[in-house]
Amino acid sequence: MIRTIKFAIFSLVCFAALPAQAQVKWDEDGEIKDSEIVIEKDRTIELPAFNRSFEKVPPLPEQKDKAIIPYQFPILTFSGMDLLVFEPKIRPLTMQEEKLDKYYGNYVKLGVGNYRTSYLDLFLNSKRSKNYAYGFHYQHLSSQSGPVRRDLSSNSLNDASVYGKVFSKNTVLEGDLNYNRQAANFYGAAAIDSTQTGVDQQLIHRTSVGITLSNNKSSSIDYRLGTRFEYLTTYYEAQETNFDAEADFTYAISDKVKAFVTTDWWISQYKDSTSLNRSLFRLNPGFTFAYLGFDFTAGLRAVYENDTAQNLGKMHIFPTLKAEYQVTDQSSLYLSIEGDAEKRHLSGVLNENIYLGRHQELSHTLNTLSFTAGYKGKVLQSVGYHAGISLGTFKNMGFYNLSGQDSARFDLVYDKGTSQRLHLFGELNFNKEEKLRSILRGDYYKYTTDVQAEAWHRPTYKLSLLNTYNLSDKILFNADFYLIGGIKALNPLDMATVELPTIVDLNLKIDYQFNKRSSAFISFNNLLGKEYQYYLNYPVRGIQVMVGGALAF
């Protein structure tokens, strides 16, 4: 290594002296003479020794008193214009929200038809809001003539209601106020006595108000509280006041076990020729749980009823049991055993049969025990089915019969003993991509009565087929078919049992959508034109045609 360094230094010295020597001799004769260079390898280069200091640099002495460094913060003031000009605007990067379709909360539908029929359906609703919703609804439907002597068989319905909802973080508060006016004529006697003159009218006024409170957040406890008050009057000065209060509670003990309590309390006062105070209280506690592939519901239903007219004050205890087994992912088998009390009041009876006479006996029906078994499921996600059988035992089952004093009015009659009802049912529904929907249902009933000779005005069988077809989101077809038979009635003239002709009813409706806001429709009811009777001496209208349109705004 030392020899290499020596040779490098010697070479540098030689190359440095070479240009000077060449410069001197270049001007003499212009040629380079032979010369000899002697390299001495034994020469050594000695460098003086360098004294290194290995002492550490001593640290600086620590200052105990730290100097205070003064800071000055100038106060900056801005004028109003400066704030407007220099206000920073920070826009976080977000995904663009999908625009909602324009909401048309208001809707009106108008129609006119034969039998001097007029129709109006009006909805006025609030705008979109996460905190509240409110609206108004009015419906009118009337026909000034009917199947028997025109104005003698007219009828009308008017219904108006206001409603609202208030949403908070944890609760939903709902309320509504409703007025209903229903009018019909007792035209049944005209089928027997064609000399009858004048109009004998049934007119019903109902006013009701209701409030409900429920939870709006999924939690281990779900609840719903509700109350409703209704006041009813009739043309013949009958009055009824109904008050309902109900409460439902559910508590999730675990993912598979829940406890529940449902209760309702109903108080009624009925005034006609006499005054009748009635009440019904029900309490149903129980559990739902899963075990060995079954979903079980087990509980009891305690019922207390009080009818002052019959001096009744009875407590009844019924079981509420249900077991459901998931046979496949899309089908299940179930069995239930339960009992209950079916309350009966004037408002409910008039909804079933508006041709009811005065001074009616009102009494509850007890369903002492009912067994129901069924099988339901889906096939290929588009076809659903449900079939089953039910056998029930009843006390005080109610029926309708024409009055022996007035063949235009009906009376409530009861089977005071023990009645039985066998019910077989089956349903098949089809839904293809919301384009085609069909529901086929069949029901068969067999009644065994004790005191009454027959189950008056109760059908033996029902068959219905409901169809909806949406063509290119432009034309909507609705076609309904009903077949009802086996209805028996008691003729008050000769007290003979009469079986009413089978009801065959076909209805068709077509809606054409011009755009999202407007449409037109035409409907045909009772397209076969059969003036069938659901109640003895009361034929219905024949072919009914209505045309109209609808507008959303």
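A nonpolar core is a set of buried Ala, Val, Leu, Ile, Met, Phe, Trp, Tyr and Cys residues joined through side-chain atoms within 4.5 Å, where buried means under 20% relative accessible area, exposed over 50%, and partly exposed in between (1.4 Å probe, protein chains only). The model discussed here is predicted: local features need pLDDT of at least 70 and side-chain atom pairs count only at pLDDT 80 or more, while totals for chains, interfaces and linings use all residues. Residues are numbered from 1 along each chain as its sequence is written, and side-chain values use heavy atoms, with hydrogens and water left out.

The protein has three helices and 26 strands; helices (H or I, at least four residues) and strands (E, at least two) are DSSP runs, numbered from the N terminus. Of its 553 residues, 32% count as buried. With contact meaning heavy atoms within 4.5 Å, 55% of the contacts between residues at least 6 apart in sequence join residues at least 24 apart.

The largest nonpolar core has 33 residues, and those with the most contacts inside it are Leu-346, Tyr-355, Leu-356, Leu-362, Tyr-400, Phe-410 and Tyr-538. Helix H3 (346-352), strand S15 (383-402) and strand S16 (410-432) are the elements that give two or more residues to this core. Leu-346 touches Leu-232, Ala-238, Glu-240, Tyr-270, Leu-356 and Leu-362, when residues up to four places away in sequence are not counted. A second, separate core has eight residues, including Phe-394, Tyr-445, Tyr-447 and Leu-490.

Two strands pair if DSSP finds at least two bridges between them. Strand S6 (residues 201-215) pairs with strand S7 (residues 221-234) in the antiparallel sense over eleven bridges, and a hairpin joins S6 to S7 through five residues. Within this pairing, Ser-208 stands opposite Glu-230 in S7. S7 also pairs in the antiparallel sense with strand S8 (residues 239-252), over 13 bridges; here Leu-225 has Ala-247 in S8 as its bridge partner. Four residues lie between S7 and S8 in their hairpin.

Two residues call for attention on account of their backbone angles. Most residues other than glycine have a negative phi. Glu-237, in the loop between S7 and S8, has a positive phi of about 65° although it is not a glycine. Asn-526, in the loop between strand S23 (518-525) and strand S24 (533-535), likewise has a positive phi, near 50°. Glu-237 is exposed, with a relative accessible area of 67%, whereas Asn-526 counts as buried at 2% relative accessibility.

Another loop residue is Ser-126, found between strand S2 (117-125) and strand S3 (132-143). Ser-126 counts as buried because its relative accessible area is 8%. Leaving aside neighbours within four places in sequence, Ser-126 is in contact with Tyr-103, Ala-133 and Tyr-134. Tyr-104 is 22 residues from Ser-126 in sequence, and the two are 9.4 Å apart in space, C-alpha to C-alpha.

Grid points are joined across faces, edges and corners, and a volume is the space filled by probe spheres set on the points. The count comes to one cavity of 30 Å³ or more, and the largest cavity has a volume of about 100 Å³. Its lining comprises 13 residues (those with an atom within 4 Å of a point), and Gln-202, Thr-234, Ala-238, Gly-357 and Arg-358 lie nearest its centre.

Definitions and conventions:
On a 1 Å grid over the protein atoms alone, a cavity is a set of points where a 1.4 Å probe fits but cannot get out, and a pocket is an open set with protein on both sides within 12 Å along at least five of seven lines; lining residues have an atom within 4 Å of a point.
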